[in-house]
Amino acid sequence: MHQVHRVVERVTHRVAERGASTRASYLERVAAARSAGPARAGLGCSNLAHGFAACGGTDRPAIRGLRKPGVAIVSAYNDLLSAHQPFDEYPAWIKEATRAAGGVAQFAGGVPAMCDGITQGRPGMELSLFSREVIAMATAIALSHEMFDGALLLGVCDKIVPGLLIGALSFGHLPAILVPAGPMPSGLPNKEKARVRQLYAEGKATRENLLDAEAASYHSPGTCTFYGTANSNQLVVEVMGLHLPGASFVPPGTPLRRALTEEAARRIVALAHDSYTPVAEVVSEKSVVNGVVSLLATGGSTNHTMHLVAIAAAAGIELTWDDFADLSAIVPLLANVYPNGSADINHFHAAGGVQFLVGTLLDAGLLHADVRTVAGDGLHRYRQEPVLDGGHLTWRDVPTRSLDEDVLRPVGRPFAADGGLRMLSGNLGRAVIKVSAVAPQHRVVHAPARVFTGQRAFDAAFRAGELDRDVVVVLRGQGPRANGMPELHGLTPALGVLMDRGHRVALLTDGRMSGASGKVPAAIQLTPEAAVGGPLALVSDGDLIELDADGGTLDVLVSEAELAARLPRDTPSGEADWTGTGRELFAALRHAVGPADQGASVFGTAFAGPRDLAPSLVSVSSPR
């Protein structure tokens, strides 16, 4: 009998108890929405005729006939994103495979997909997090036609997968499978790319040198190979049972990739008919906890401390940062993929990948086995990897040992005893820090603050030599209510230079740092954010900041009385300033968005009622 670790069990019980009423209301709504036969049978004749007007061949009579399950294709394809370019061919494959399986598929809608790599450090990055909500709403529009009995969701990158899933959960009575595209081949090693970036920041490399390095790293269709948010998306949703087993990291342009895509089409027909499995039952308290555990065990993206909270909320489940913290204390770090190590995601996959990871975590009782998945009941199915045998897709057991323990290890021999993500708290509020890439000697920093409100001002100060000392760089006014919470990955090279010069360096911000958070200790996603009156708005240049990732604390060492006497500084930009690059169109989302620890979501928890968005200060305790 599978025995679950007592902390995993306790956290799961707490999550279930906390959200019992909202989860029950959500499942009641889902049950009421299910139809006895094809959903389109409930449409009027004019409605239905519009639904097949453009169809030809066998699809037209199939849709009109009201017998075959209808499958929605919702795709984030564009050829701007390397990770999404392979989706160009998928709809044709899916339609043919669906016909052969006894269903009928239609391209129900496209959703936007922006590239955070292109927009890093640019005004467009301020739309990135809000694009998750737009994608969720676009997914809902695609599924709102009441033509469909299941959905295939095509997406890979940062905000796209969470947005697709949040949208699908509003139609929780439908089965849904997330369909990935796979990573690009390994290019220039990520550590070499980071080295060139630092040289450029110091003025020791030219723009041409930098562009050569970047182009050698990002060089073909497929997902970027470092373990950022895109690849964290794939791993987490597979462990949650939303991919076919082993689908995450099979490269694009291969026969196996096509076979898995066609199998997803066949499987969704089965899930909509004989093996009915709605997405509302796949995304459960247990599968959400499994997702958190897999993230922690691999040192995945900090963005998922928001995305998983928002996904859970869409299913009526209330996940908190306390749950992450308690699980992180007992989940060991098993993967060593850049930025945590030198390997990339292709090396991780070759060492045993998701299947080995699931097996060792199940054996240690760190994952729930008794969950529903798109492959059938039970997470044991995800111990197996897909292969082509004589041109036919099948699954086989993976080796019970890692094929490269420099990249992937069993629970008994981890890289670290606890998870790669930790929570910090103190008189500045609560923040997230990723320590899996931070050396132990750099996890405690006690240094004076230097406050900025923008990346350009920081860059100017760095180039002027003003930061060549022990320093905690404070970058405020970067939270969701201030400017959409952009990623601040562009700060990493300069901060890395200061650290390599022997200084004690840390970053403190109410913004995000992305899945590429590296060797510099970064307390990010601080909440309450400065724009709503959080204590970060009171910090001044020269204030001593103490960041202790080992102890889980974050404080400004100023007396309670002095801090209380200060007035907030650097008030957020007004409507007239937050314009250009389309930002003014997102003003309503900026005003409605919730705090980072509630998923930085516009939607809130399903059936939880309106969220209190009023500015508030956390209580300020005296420094130790």
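This is a predicted model: local features need pLDDT of at least 70, side-chain atom pairs count only at pLDDT 80 or more; totals for chains, interfaces and linings use all residues.

Student: OK, the core. Which residues touch the most other members of the largest nonpolar core?

Tutor: Those are Leu152, Val283 and Phe348, in a core of 158 residues. Apart from that core lies another one, of 27 residues, including Leu428 and Ile545.

Student: And what does Val283 touch, leaving out residues up to four places away in sequence?

Tutor: Among them are Leu165, Leu169, Met240, Leu242 and Ile311. Arg23 is on that list too.

Student: Now a charged one. Where is Glu285, and which side chain of opposite charge is nearest?

Tutor: Glu285 lies in helix H14, residues 285-298. The nearest side chain of opposite charge is Arg23, 4.0 Å away. Glu285 is buried yet has no salt bridge. Arg23 is also one of its contacts beyond four places in sequence, as are Thr12, Val15, Ala16 and Ile317.

Student: What about Arg40, buried or exposed?

Tutor: Arg40 counts as buried because its relative accessible area is 1%, and the cut-off for buried is under 20%. You'll find Arg40 in the loop between helix H2 (20-33) and helix H3 (45-52).

Student: How many residues apart in sequence are Arg40 and Asp149?

Tutor: They're 109 residues apart in sequence, but 8.5 Å apart in space, C-alpha to C-alpha. Arg40 is in contact with Asp149, and also with Glu146 and Met147, among others.

Student: Switching to sheets. What's the strand order in the open sheet of 4 strands?

Tutor: The order is S2-S1-S3-S4, with parallel pairing. Strand S2 (104-110) and strand S4 (176-179) are at the edges; each has a single partner strand, so one side of each has no neighbour in the sheet. From one strand to the next, the twist averages 25 degrees.

Student: How many bridges are there between S3 and S4?

Tutor: There are 4, and strand S3 covers residues 150-154. Leu153 stands opposite Leu178 in S4.

Student: Which helix lies across S1, S2 and S3?

Tutor: That's helix H7 (residues 128-143), which runs at about 155 degrees to S1.

Student: Last one: how many residues of strand S14 are buried?

Tutor: 6 of its 6 residues, which are 522-527. Strand S10 (residues 429-434) runs antiparallel to S14, joined by 2 bridges, and Arg430 has Thr527 as its bridge partner in S14. Strand S13 (residues 505-509) pairs with S14 in the parallel sense, also over 2 bridges, with Leu508 opposite Ala523.

Key
Residues are numbered from 1 along each chain as its sequence is written. Side-chain values use heavy atoms; hydrogens and water are left out. A nonpolar core is a set of buried Ala, Val, Leu, Ile, Met, Phe, Trp, Tyr and Cys residues joined through side-chain atoms within 4.5 Å. Buried means under 20% relative accessible area, exposed over 50%, partly exposed in between (1.4 Å probe, protein chains only). Contact means heavy atoms within 4.5 Å. Lys and Arg count as positive and Asp and Glu as negative; His and the chain ends are not counted. Two strands pair if DSSP finds at least two bridges between them. Axes are lines fitted to C-alpha atoms, for helices over the stretch in contact, and angles run from 0 to 180 degrees between N-to-C directions.
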